[in-house]
Amino acid sequence: IGQITQSLMSFQIVAGFGALFGMVTSKFQATAAEIRSQLGIVFKQVGPDVNALFTDMEGQIMRSGLSFQEVIGTSQTLTNNFGMAVSESLQLSYNIADGARAIGVQASTMATVVGTFQNTFDLSSEQAHKLSEQTALLAAQNDVAPQAVMQDIASSTEEMARFSAGGVKNFIKAAIQAKKLGMSVKDVANTMNGLLNFEESI
């Protein structure tokens with residue numbers, strides 16, 4: 001009787017895990033299908049089959065623990081706001097979302113920094129992505145919260161464009177230094193504008 005009871009319990013445990021796995025897999029498949037549908041069938045008419053490309057990435061995304069919403073949202077930020085081709089943004093959007101999670105910022109914030117670096121300083125998407133991660137590391141090395149710096153840079157795209165002549169490295173250093181002083185990039189830009197206006201009025 002004891003062996004029969006043990007066997008029944010083992011069977012129930014296995015069945016329970018099987019049902020749980022089935023629920024997770026079913027939910028995963030439904031989410032993947034739902035998000036792929038958001039891309040639209042138009043991608044099957046022209047250029048690469050983007051739906052198929054995202055399907056190929058499903059396993060990679062699932063193993064990483066990222067959500068499809070994060071990856072899709074990152075891709076949409078890159079394509080809608082910075083003119084990147086959807087097919088180019090796929091793997092990059094995964095890498096950005098993965099890096100953003102490690103840093104502790106939203107993937108959309110990281111994508112905005114990457115896209116702005118690329119467009120403002122004429123970098124490749126890969127160069128811009130690496131630079132964004134190096135910016136977070138440099139902030140941490142300077143005892144400044146990487147999240148605060150990345151969020152500040154993401155909300156200072158106009159200031160970045162205005163002061164791009166000084167180079168991306170100088171801009172990054174200025175952003176980090178501003179945070180150390182409890183300021184934002186916008187604060188620094190406004191202060192500089194005030195000084196310039198004062199000098200011109202003399």
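Read along the sequence, the chain follows the pattern α-α-α-α-α-α-α-α-α-α. The model described here is predicted. Its secondary structure comes to 10 helices and zero strands. The chain has 202 residues, and 37% of them count as buried. Among contacts in the chain with a separation of 6 or more, 59% are between residues 24 or more positions apart.

**Two helix pairs**

Two packed helices are described by the angle between their axes and the distance between the axes. The table gives these values for two pairs.

| Helix pair | Axes come within | Crossing angle |
|---|---|---|
| α3 (residues 68-82) and α5 (residues 107-121) | 9 Å | roughly 30 degrees |
| α6 (residues 125-141) and α7 (residues 146-154) | 8 Å | roughly 135 degrees |

How do α3 and α5 run relative to each other, parallel or antiparallel? Their axes cross at roughly 30 degrees, and angles under 35 degrees count as roughly parallel. The helices α3 and α5 are therefore roughly parallel to each other. The crossing in which α3 passes α5 is right-handed. On the α3 side, the contact is made by Glu70, Thr74, Thr77, Leu78 and Phe82. On the α5 side, the residues are Ala107, Ser108, Ala111, Thr112, Gly115, Thr116 and Asn119. Sorted by class, the contact of α3 with α5 has four nonpolar, seven polar and one charged residues.

One residue of this contact can be followed by itself. Thr77 is placed in helix α3. Is Thr77 buried or exposed? Its relative accessible area is 11%, so Thr77 is buried, the cut-off for buried being under 20%. Apart from neighbours within four places in sequence, Thr77 is in contact with Phe82, Ser108, Ala111 and Thr112. Ser108, Ala111 and Thr112 are among the α5 residues that make the contact with α3, while Phe82 is one of the α3 residues in that contact.

The second pair in the table is α6 and α7, whose axes cross at roughly 135 degrees. That angle makes α6 oblique to α7. The crossing of α6 and α7 is right-handed. Which residues meet between α6 and α7? From α6 come Ser132, Thr135, Ala136, Ala139 and Ala140, and from α7 come Pro146, Val149, Met150 and Ile153. This contact of α6 with α7 divides into seven nonpolar, two polar and no charged residues.

**Salt bridges**

Side chains of opposite charge can pair when their charged atoms come close. How many salt bridges does a search of the whole structure find? The search finds two.

Arg101 has a relative accessibility of 41% and so counts as partly exposed. Asp98 also counts as partly exposed, because its relative accessibility is 30%.

The other salt bridge is formed by the side chains of Glu159 and Lys186, at 3.3 Å from N to O. This pair links distant parts of the chain, with Glu159 in helix α8 (residues 157-162) and Lys186 in helix α10 (residues 185-201), 27 residues apart. Glu159 counts as buried because its relative accessibility is 7%. Lys186 has a relative accessible area of 34% and is therefore partly exposed.

**Two loop residues with positive phi**

Which backbone angle of Asp122 is positive although Asp122 is not a glycine? The angle is phi, at about 55 degrees. Asp122 is placed in the loop between α5 and α6. With a relative accessible area of 71%, Asp122 is exposed, the cut-off for exposed being over 50%.

Asp143 is a residue other than glycine that has a positive phi, near 60 degrees. Where does Asp143 lie? Asp143 is in the loop between α6 and α7, the two helices that cross at roughly 135 degrees. The relative accessible area of Asp143 is 75%, so Asp143 is exposed.

Technical notes. Residues numbered from 1 in each chain as written. Predicted model: local features only at pLDDT ≥ 70, side-chain atom pairs only at ≥ 80, totals over all residues. Heavy atoms only, no water. Axes fitted to C-alpha atoms, helices over the stretch in contact; angles between N-to-C directions. Helix = DSSP H or I, 4+ residues; strand = E, 2+ residues; numbered from the N terminus. Parallel < 35°, antiparallel > 145°, perpendicular 65-115°, else oblique. Left-handed = near helix turned anticlockwise from the far one by under 90°. Contact = heavy atoms within 4.5 Å. Nonpolar A, V, L, I, M, F, W, Y, C, P; charged D, E, K, R; others polar. Salt bridge = Lys/Arg side-chain N within 4 Å of Asp/Glu carboxyl O. Buried < 20%, exposed > 50% of the residue type's maximum accessible area, 1.4 Å probe, protein only.
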